Amino acid sequence: TGQVIIDGQAVEIAGAKNLLELVRRIGVELPTFCYHSELSVYGACRLCMVEVDKMGLVASCSTPPSDGMVIHTNTARTRRLRKMILELLLANHDRECPTCIKNTSCKLQKLAKQYGVNKIRFGSRDIKLPIDDSSCSIVKDPNKCILCGDCVRMCKEIQGLGIWDFAFRGRKTQVTTAFGKELSEVSCINCGQCITVCPTGALSAKSEVEQAWKAILDPSKTVVFQIAPAVRVALGEEFGLPAGSAVTGKVVAALKKIGADRVFDTLLAADLTTIEESMEFMGRMKKGEKLPLFTSCCPGWVKYCEQAHADLLGNVSSCRSPQQMFGSLVKNHYARVIGKEPGEVVCISVMPCTAKKFEAQRPEFTTAGVRDVDIVLTTVELAQMFKEAGIVFNELEPAGFDNPLGMGSGSALIFGASGGVMESVVRFVSGYTSGNEIGRIDFYPVRGMQGLKEAEVEVDGQRLKLAVVNGIANAEKLIQRIKNGEADYHAVEVMACPGGCIGGGGQPEVNDTAARVQRLKTIYNLDTMEQVHKAQDNIYVNHIINQWLGGTGSTTAHHELHTRYVP
Ligand code: HC0
Ligand code: SF4
């Protein structure tokens with residue numbers, strides 16, 4: 001409680017944790033590399049310095065406010081220091097900006113311009129460290145690292161993994177993996193959350209844009225796209241639209257313009273997943289075995305479970321993720337329908353996620369010797385392709401998906417948000433047991449950005465206990481409680497990224513959770529507008545189950561839509 005004076009203006013403290021938050025309230029944005037509201041305060045970059053009467057210069061992110069403080073944000077000293085810090089960072093930075101993946105979206109570049117840094121008075125960097133591109137999801141260029149430590153704290157605090165840490169001292173300080181191993185050799189789950197906080201080009205997604213162009217421009221290939229649920233509420237941000245703008249029809253139109261042969265929807269496969277996973281769940285409930293059932297659509301979570309909890313793999317749903325069910329349908333059936341060999345059809349998926357790149361190259365997901373999903377582009381990579389092709393995205397007339405793999409229910413759409421898979425299963429199971437007589441089922445307790453959501457629902461006279469977690473650190477806490485007997489559930493949904501896929505490592509960069517909340521809102525608004533609300537009401541999915549797969553629970557369905565985990 002109390003108040004402070006900032007630049008001559010009185011501001012109520014009202015629960016603010018630090019001066020940086022209070023300064024924002026008077027409409028002044030202080031520069032910072034290392035401050036993120038969802039991470040611990042590190043106070044290392046010192047850019048957010050302010051002058052406080054009787055205290056002198058302090059880092060505003062790590063200084064709590066106290067009643068009567070008099071704060072100045074723009075003084076001769078703060079100006080001089082900010083410029084100097086930026087110059088020092090730039091002096092030690094590989095300044096090949098025009099060819100950097102983060103050119104024009106780099107925070108260092110942006111702040112250098114904003115603070116008028118037009119010369120660097122210090123010597124230039126003389127060491128060149130090797131780039132690590134061993135991972136199929138993430139590229140690390142240590143020459144671009146400014147040691148803000150954001151990736152270190154993200155991986156440790158939100159994912160509980162601690163893949164990155166500081167090593168060496170003084171001028172030789174680096175952020176690196178344990179023993180400097182290549183990223184593909186350590187327990188990284190490919191989630192890309194470290195990329196989302198990296199202010200420079202030090203961490204980026206491994207681009208597959210060139211492979212995608214090659215396929216599109218090859219006349220002997222039929223190129224089939226699938227678009228994940230969360231992509232449609234974020235891609236517009238790359239073209240300056242507000243966070244959470246729904247751009248589904250524009251994405252389809254743009255893909256047709258750049259030469260996609262068919263544009264399909266991952267939503268169709270998400271409905272298929274709901275049906276398969278719900279049947280599996282009901283089967284386990286009946287037998288009372290292998291409970292809780294853990295969802296299996298997040299490849300970051302699946303890899304984590306394989307590494308850290310192999311004893312739980314029997315509890316993980318055998319369903320392939322929607323991305324992989326889709327790829328399997330394309331290579332096993334759709335190719336034949338259009339008179340092609342699986343190798344003549346290139347399946348490209350567009351995902352909000354860097355771990356989907358890893359999932360798609362897993363050796364178990366192949367048909368007749370070729371990958372089911374050949375190329376995985378992130379949301380940002382697809383936007384890049386539209387830019388390269390000169391597409392005036394914001395002026396496009398929307399277009400519709402192709403059939404028969406272009407339709408999904410509202411329940412498939414909400415897969416893109418944490419809690420969506422669980423709600424879809426609840427919608428299916430409630431509908432199924434009541435003979436589908438009932439209308440809409442909206443299941444609010446599992447919605448929202450919280451890291452852990454618990455809910456109970458009564459279905460067919462049985463009380464189902466459900467949990468939804470996002471962020472692997474939250475998942476780990478929950479697993480410990482389950483293992484210690486402090487919690488028990490019938491089903492658990494796990495997504496590695498905060499807020500679920502909408503917050504994936506392949507999404508446009510966002511500075512705070514507000515943008516993620518907007519994306520989340522749009523997902524549920526789109527669901528509200530959908531005519532078809534439950535997976536079982538998707539007539540295309542029912543057609544595919546009956547005509548292509550030989551009915552629910554058939555051997556074909558089992559082979560093509562499920563997987564086995566080898567501990
Ligand atoms: Fe997701 Fe998915 S919802 S993981 O977040 O389940 O990436 O958007 O595509 O596969 O559908 C990501 C998003 C998907 C899959 C679907 C699931
Ligand atoms: Fe950690 Fe995820 Fe980055 Fe891997 S991708 S280092 S698990 S934050």
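In this predicted model, the buried residues of α4 pack against β7 (165–167), β8 (174–176), α5, β9 (203–205) and α15. Burial here requires 20 or more other C-beta atoms within 10 Å of a residue's own; 12 or fewer make a residue exposed, values in between make it partly exposed, and C-beta atoms are placed from the backbone. Packing rests on contact, defined as C-beta atoms, placed from the backbone, within 7 Å. Helices (H or I, at least four residues) and strands (E, at least two) are DSSP runs, numbered from the N terminus. Helix α4 is mostly covered, with 7 of its 9 residues buried. These are Asp150, Cys151, Val152, Arg153, Met154, Cys155 and Ile158.

Residues are numbered from 1 along each chain as its sequence is written, and chains are lettered from A and ligands numbered from 1 in the order in which they are written. As the model is predicted, local features need pLDDT of at least 70 and side-chain atom pairs count only at pLDDT 80 or more, while totals for chains, interfaces and linings use all residues.

Helix α4 also contributes to a ligand site. Around ligand 2 there are 14 residues, of which Cys155, Ile163, Cys188, Cys191 and Cys194 come nearest. A residue belongs to such a shell if its C-beta atom, placed from the backbone, lies within 6 Å of the molecule. Two or more residues of this shell come from each of α4 (150–158) and α5 (193–197). The shell holds 10 nonpolar, 4 polar and no charged residues. In this division Ala, Val, Leu, Ile, Met, Phe, Trp, Tyr, Cys and Pro count as nonpolar, Asp, Glu, Lys and Arg as charged, and the others, Gly among them, as polar.

The chain is assigned domain 1 (3–86), domain 2 (129–205) and domain 3 (212–561). These bounds come from an automatic or database domain assignment. The centres of domain 1 and domain 2, taken over C-alpha atoms, lie 28 Å apart. Their contact takes 8 residues from domain 1 and 9 residues from domain 2. On the domain 1 side, 6 are nonpolar, 2 polar and no residue is charged.

Strand β3 (49–52) runs antiparallel to β4 (residues 56–59), joined by 4 bridges. Pairing requires at least two DSSP bridges between strands. Met49 stands opposite Ala59 in β4. The two strands form a hairpin with 3 residues between them, and Lys54 in the turn has a positive phi of about 70°. Strand β3 is also antiparallel to β5 (residues 70–72), through 2 bridges. There, Glu51 faces His72 in β5.

Pro31 lies in the loop between α1 (19–25) and β3. Pro31 is partly exposed, with 17 other C-beta atoms within 10 Å. Its contacts, not counting residues up to four places away in sequence, are Leu47, Cys48, Arg82 and Leu111.

An open sheet of 4 strands has the order β12-β19-β18-β17 and mixed pairing. Strands β12 (293–294) and β17 (452–459) stand at the edges with a single partner strand each, so one side of each lacks a neighbour in the sheet. Strands β17 and β18 (residues 462–470) pair in the antiparallel sense over 8 bridges. Leu466 in β18 is the bridge partner of Ala455.

Notes. Contact = placed C-beta atoms within 7 Å.
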